[in-house]
Amino acid sequence: KPKELEQPESGDGSIQVSVDEHGMYVLHLTMPQYKLLKYAFVGIPIKPSTEKPGIMTFRMTEPQFKKFQANQASGTPSQEGNEPKPKEPEQPESGDGSIQVSVDEHGMYVLHLTMPQYK
């Protein structure tokens, strides 16, 4: 039987986490929960299964789960309509041939190129 790490009351918005017989950390998330926690999966190569309707099940190794927890601790959950805005470009506006660079909400650098610059 899987060991329960957290036993939520149904419908209270808690995340169910358990450890299965193979030592995998199992998270059961609804789509709204996933949208709120999407940032915590950055850098974790994992795809959920949908064994139960409306529930996404993520199975993670211990290192993946630790990364998930670290991402959660260092990140800020985004609310619907309250997404973090990308930083303003660090380079001058286009027209002078320069490349624009910004940083997205996940800390990834985004290059803004014109088609001639890309070619």
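# A walk through the structure from strand 3

Strand 3 is mostly covered, with five of its six residues buried. The structure is a predicted model, and the confidence of the prediction is taken up towards the end.

First, the overall layout. The protein has three helices and six strands. Read from the N terminus, its elements follow the order β-β-β-α-β-α-β-β-α. Of the 119 residues in the protein, 28% are buried. The exposed surface comes to about 8700 Å², and carbon and sulfur atoms supply 54% of that area. Among contacts between residues at least 6 apart in sequence, 36% join residues at least 24 apart.

Is Gly-54 buried or exposed? Its relative accessibility is 59%, and a residue counts as exposed when over 50%, so Gly-54 is exposed. Leaving aside residues up to four places away in sequence, Gly-54 touches Leu-29, Thr-30 and Met-31. Gly-54 and Thr-30 are 24 residues apart along the chain, while their C-alpha atoms are separated by 5.9 Å.

Not counting residues up to four places away in sequence, Leu-27 touches Ile-15, Gln-16, Val-17, Met-56, Thr-57, Phe-58, Met-60, Phe-65 and Phe-68.

Phe-65, one of the residues touched by Leu-27, lies in helix 2. Its relative accessible area is 8%, and buried means under 20%, so Phe-65 counts as buried. Beyond residues up to four places away in sequence, Phe-65 touches Val-17, Tyr-25, Leu-27 and Met-60. Phe-65 and Phe-41 are 24 residues apart in sequence, and their C-alpha atoms are 9.4 Å apart in space.

Aromatic rings are the next topic. A search of the whole structure finds six aromatic pairs. In one of them, Tyr-25 and Phe-65 are stacked, with 4.4 Å from centre to centre and 10° between the planes. Tyr-25 belongs to strand 3 (residues 25-30) and Phe-65 to helix 2 (residues 62-74), so this pair ties together parts that are 40 residues apart in sequence. Both Tyr-25 and Phe-65 are buried. The rings of Phe-41 and Phe-68 have centres 4.9 Å apart and planes at 50°, so that pair is tilted. Phe-41 sits in the loop between helix 1 (31-37) and strand 4 (55-60), and Phe-68 sits in helix 2; the pair links distant parts of the chain, 27 residues apart. Both Phe-41 and Phe-68 are buried. Ring pairs also join these residues into a cluster made up of Tyr-25, Tyr-34, Phe-41, Phe-58, Phe-65 and Phe-68.

Finally, the confidence of the prediction. Mean pLDDT for the protein is 74, and 60% of the residues reach 70 or more. Over residues 78-86 the pLDDT is below 50, and this stretch has nine contacts in the model beyond near neighbours in sequence. Residues 88-94 also have pLDDT under 50, and the model gives them 15 contacts beyond four places in sequence. Where pLDDT is low, the predicted coordinates should not be read in detail.

Terms used: Residues numbered from 1 in each chain as written. Predicted model: local features only at pLDDT ≥ 70, side-chain atom pairs only at ≥ 80, totals over all residues. Heavy atoms only, no water. Helix = DSSP H or I, 4+ residues; strand = E, 2+ residues; numbered from the N terminus. Buried < 20%, exposed > 50% of the residue type's maximum accessible area, 1.4 Å probe, protein only. Contact = heavy atoms within 4.5 Å. Areas by Shrake-Rupley, 256 points an atom, 1.4 Å probe, with all protein chains shown as cover. Phe/Tyr/Trp six-rings, centres within 6.5 Å; stacked < 30°, edge-to-face > 60°. pLDDT = per-residue confidence, 0-100.
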